[in-house]
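Subject: Structure handover

Hi,

Here is the structure to go with our discussion. Please open it first, then read the notes below it.

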Amino acid sequence: MSKKGERAEIIVATPERLEVLWRSGEASAWLASVRSIVVDEAHLLGDRSRGSTLDAVLGSFLSQPTPPRLLLMSATLTNPTHLQQVLAPCESIVVTERTPPLTIQVALLEGSETAEELVHEHVRTVLEAPGTAILIFVATVRFAESLAEKLAQATGHAAIAYHAQLSTGEKETRSQRYRNGEARIAVSTTALAMGVNLPATHVLVRDTNLQGRGHLTSGELLQMLGRAGRGQGDCISIRQYPLQKRIIPARSQTTILNTHLTGA
């Protein structure tokens, strides 16, 4: 990041911050001088809360007399052909290989078994192997704190709870314990669902219905499952589903991403 008064050639910003600059008009000359834009996590265009902001920002840039070059990157953009048509002329590069490979499975509950019982059973199995670490996604802060405490007591392994209500310092402390192997269990809300690289060999999504938001979209679910294998070696992700329990392969469903982007 450049110091105040210095000229910067690369700016890293959130869509929300760029929208403020566009609306204020104070940086119009600078914004008009931008020649290249790279959008990481481009599937945010379909996000229910942030998608419209990113859409508006990119549309503002593309409406300039000399629009910048645009590079969209995403691991879960399910309909790149749509954006390619909207942004034509546009080249689409699709890579289907993943390193390390990711195995996605669905865990079905049987009889009166609860999701928490399944989680405890699976965590014990995963941690039997040396070098493994598991990341579990739950719906609320209370669930994260409670499940982390219960798993630590039941397994004898250190566990961290991670969520947006933690201070910046506490987030760093807890994530560092997980990264260095001091804690092999992490229980998180969606705070770790996207754009974070952690040494999780296994991911388990316990809750797919979020309070105040409803069910996860297939794209959001794939982002969570994709947190597995950001370290080294093969990886497994499991989504819990409340029916008869068996671990079975799962094929991801696609979610159509809509945008109002135009090149005009």
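Arg 50 is partly exposed, at a relative accessible area of 29%. By that term I mean anything between buried (under 20% relative accessible area) and exposed (over 50%), with a 1.4 Å probe and protein chains only. Glu 16 is partly exposed too, at 28%. The two form a salt bridge, with 2.9 Å between the closest N and O atoms. Arg 50 sits in the loop between strand S1 (36-39) and helix H3 (51-62) and Glu 16 in helix H1 (residues 15-24), so the pair ties together parts 34 residues apart in sequence. A salt bridge here is a side-chain nitrogen of Lys or Arg within 4 Å of a carboxyl oxygen of Asp or Glu. Helices (H or I, at least four residues) and strands (E, at least two) are DSSP runs, numbered from the N terminus.

Before you go further: this is a predicted model, where local features need pLDDT of at least 70 and side-chain atom pairs count only at pLDDT 80 or more, while totals for chains, interfaces and linings use all residues. Residues are numbered from 1 along each chain as its sequence is written, and side-chain values use heavy atoms, with hydrogens and water left out.

Now the overall picture. The chain has 8 helices and 11 strands. Of its 264 residues, 41% count as buried. Take the contacts (heavy atoms within 4.5 Å) between residues at least 6 apart in sequence: 74% of them join residues at least 24 apart.

Back to charges. The structure holds 8 salt bridges. One of them joins the side chains of Glu 116 and Lys 150, at 3.3 Å from N to O. This pair links distant parts of the chain: Glu 116 is in helix H5 (residues 115-127) and Lys 150 in helix H6 (residues 141-155), 34 residues apart. Glu 116 is partly exposed at 25% relative accessibility, and Lys 150 is partly exposed at 36%. Asp 207 and Arg 206 form another salt bridge, at 2.9 Å from N to O. Both of these residues are buried. Glu 116, Lys 150, Arg 206 and Asp 207 are linked in a network of salt bridges.

Next, strand S7 (residues 202-205). Which of its faces are covered? Both are: His 202 and Leu 204 are buried on one side, Val 203 and Val 205 on the other. S7 pairs with strand S4 (residues 134-137) in the parallel sense, over 4 bridges. Pairing requires at least two DSSP bridges between the strands. Ile 134 has His 202 as its bridge partner in S7.

Two residues of S7 return in the largest nonpolar core. Of its 22 residues, Leu 135, Phe 137, Tyr 178, Leu 192, Val 203 and Val 205 touch the most other members. S4, strand S5 (159-162), S7 and helix H8 (218-225) each supply at least two residues. H8 gives the most, with 3. A nonpolar core is a set of buried Ala, Val, Leu, Ile, Met, Phe, Trp, Tyr and Cys residues joined through side-chain atoms within 4.5 Å. Beyond its neighbours within four places in sequence, Leu 192 contacts Leu 135, Phe 137, Tyr 162, Leu 198 and Arg 227. A second, separate core of 19 residues includes Leu 109, Ala 144, Ala 148 and Val 187.

Last, H3. Its buried residues include Leu 54, Val 57, Leu 58 and Phe 61. The buried residues of H3 pack against H1, helix H2 (28-33), S1 and strand S2 (69-72).

Best wishes
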